[in-house]
Amino acid sequence: MKILRRLKDGSLLGVSGRDITYLSSGALISQIVLVVGQIVTARLYTPEEFGHFAVVLAWANILAVLATLRYETAIPLAATDEEAGALARLCLITSTVTSLVVMTLLWASATSGAELIATPGAWWGVPLLLWGTAAFAAVRMFAGRAGAFGRVGRAGVVASVGQVGVQVGLGVAGVSSGLIAGQGVGRVLNAAWIGAGGALRSGGSLRQVVTRWKRMPLLNTVPALLNVISVGAVAPLVARWFGVALAGQFGFATRLLAAPAVLLGQAVSQVMFPRLARLERTSGEAGAQLRRATEALTLVSLPVFSVVWLLGPEAFAVVFGEQWREAGLLAAIMAPWLAANFVSSPLSTYATVRDQLGRILLISVVEATVRLAGLYAGVSAGSAIVGIALYSLAGLGICVAFTGWVLALGGVGRRGLLRDLAVPLVIAAAAAAVSVGTRWAGAPTWVVVAVGVAGVLAVSVPCARRVLRLLPGRSR
């Protein structure tokens with residue numbers, strides 16, 4: 001077909017758009033499987049079981065950053081494929097060693113009766129998830145450098161099917177740790193499927209790459225660790241301050257809100273990182289692609305996340321069951337921040353390309369401090385909702401400021417970009433204000449839903465029109 005030929009040669013969406021489509025199409029199938037799975041598992045597991053799962057997952061994500069020492073971020077920047085292969089093998093070795101050490105420590109603590117994590121009997125999940133997460137980070141970077149985006153997409157589909165199959169099967173059998181086991185199987189499958197392509201069988205000297213890229217663990221590990229703690233692995237703090245059940249609601253909401261980032265945000269990041277690195281090495285001109293990506297990500301994030309911030313509680317109650325209405329409320333509160341994070345996260349790769357690791361470290365320290373302080377304010381106020389609202393508000397401010405800094409770093413005119421995005425941004429803000437006003441006025445549920453649906457449509461139309469103008473050959 002003509003449209004498929006144009007997609008393959010890059011004339012339909014551009015080369016970047018083609019590669020992103022390869023990745024996001026596989027991610028779309030994966031996310032459909034995962035969302036359907038979550039609809040089922042929401043009825044098989046309790047909020048408390050989801051809370052314990054969230055705590056284990058959080059610890060694994062934190063330790064995974066330490067396991068690779070962030071050497072995987074140097075893979076797209078390596079001068080030769082041999083050097084990139086050595087970096088990937090280094091990450092796999094350090095991940096394996098770290099996982100074995102963690103497994104030994106947790107097993108020893110469990111047998112002695114002193115659980116190091118607040119999830120009795122589920123200690124084994126941490127090293128399993130740790131290895132899968134860290135190994136996947138390394139092989140995904142290597143596959144992205146090699147342009148093997150099709151393999152990455154297929155691996156995601158296989159992993160999601162394996163994950164959901166195990167979680168549902170064990171849930172039906174009444175195994176409370178089925179969520180943990182399924183997630184572990186999915187992550188290991190994902191890493192193994194990508195790594196099975198044979199790309200990691202050769203490489204340069206491990207000692208040389210450790211020396212050459214030593215700034216990565218020195219300057220990039222701490223920012224990544226702070227980001228994981230304050231963004232993706234805050235569940236242990238939520239469980240400690242507000243209870244395991246609330247941590248389950250919180251984790252349930254954040255995993256669903258992460259779906260758009262997995263579907264498109266990670267695909268954009270994986271395609272942009274090696275491409276921006278290549279542009280900086282050759283022409284030093286990456287501003288045009290940076291601006292185009294920022295505008296496209298914003299236009300996608302607004303309608304997608306508007307569904308959550310306008311209809312969150314009602315949608316969660318209908319789709320997942322009444323016991324998850326609170327998760328829908330938390331999702332609505334966090335949606336504006338995650339919409340901004342959907343844009344800023346892929347752009348962060350450009351700051352790494354420009355060797356701004358010191359500035360990234362400073363920003364990460366500020367972000368973690370402000371966000372966790374906001375969350376703890378909820379403890380002082382005696383309200384989890386207040387804490388999560390302040391946590392989200394702090395994240396929104398940091399993401400907007402970070403995006404502006406990255407654009408300035410690339411020489412992108414921020415006023416012009418803001419002017420082009422003014423209409424959809426104003427409509428989104430107005431829709432949110434009307435929705436909140438309707439709820440505070442105590443309007444019937446059908447009125448709240450009607451206002452939300454109208455708001456989503458009002459946001460989506462101008463965003464869709466502008467996205468079409470961004471396609472190659474279209475007039476801006």
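**Helices and their contacts in the predicted model**

V304 lies in helix α13. The model is predicted, so local features need pLDDT of at least 70 and side-chain atom pairs count only at pLDDT 80 or more, while totals for chains, interfaces and linings use all residues. Residues are numbered from 1 along each chain as its sequence is written, and side-chain values use heavy atoms, with hydrogens and water left out. Helices (H or I, at least four residues) and strands (E, at least two) are DSSP runs, numbered from the N terminus.

V304 counts as partly exposed, at 35% relative accessibility. Buried here means under 20% relative accessible area, exposed means over 50%, and partly exposed lies in between (1.4 Å probe, protein chains only). V304 and A335 are 31 residues apart in sequence. Their C-alpha atoms are 9.6 Å apart in space. Helix α13 covers residues 287-320 and also holds R292. R292 is partly exposed, with a relative accessibility of 36%. Between R292 and V412 lie 9.9 Å in space, C-alpha to C-alpha, and the two are 120 residues apart in sequence.

The protein chain as a whole has 18 helices and zero strands. It has 476 residues, of which 51% count as buried. Contact is defined as heavy atoms within 4.5 Å. Of the contacts in the protein chain with a separation of 6 or more, 83% come from residues 24 or more positions apart.

From α3, the residues A54, V55, A58 and W59 meet A235, P236 and A239 of α10. By class, this contact has seven nonpolar residues, no polar and no charged ones. Ala, Val, Leu, Ile, Met, Phe, Trp, Tyr, Cys and Pro count as nonpolar, Asp, Glu, Lys and Arg as charged, and the others, Gly among them, as polar.

Helix α6 spans residues 149-172 and has 24 residues. From first C-alpha to last, α6 reaches 35 Å, close to the expected 34 Å. The expected span is 1.5 Å times one less than the number of residues. The buried residues of α6 include F149, V152, A159, Q163 and Q167. G174 follows α6 and has a positive phi, near 80 degrees.

Helix α15 covers residues 357-381. Its 25 residues should span 36 Å, and its end C-alpha atoms are 36 Å apart, which agrees. Among the buried residues of α15 are L357, I360, E367, R371 and G378. S364 also lies in α15. S364 counts as buried because its relative accessibility is 8%. Apart from neighbours within four places in sequence, S364 is in contact with P223 and L226. Just after α15, G382 takes a positive phi of about 70 degrees.

Cysteines were examined last. A disulfide is taken as a pair of cysteine sulfur atoms within 2.5 Å. By this rule, the count is zero disulfides. C91 is buried, at a relative accessible area of 0%. C463 is buried as well, at 1%.
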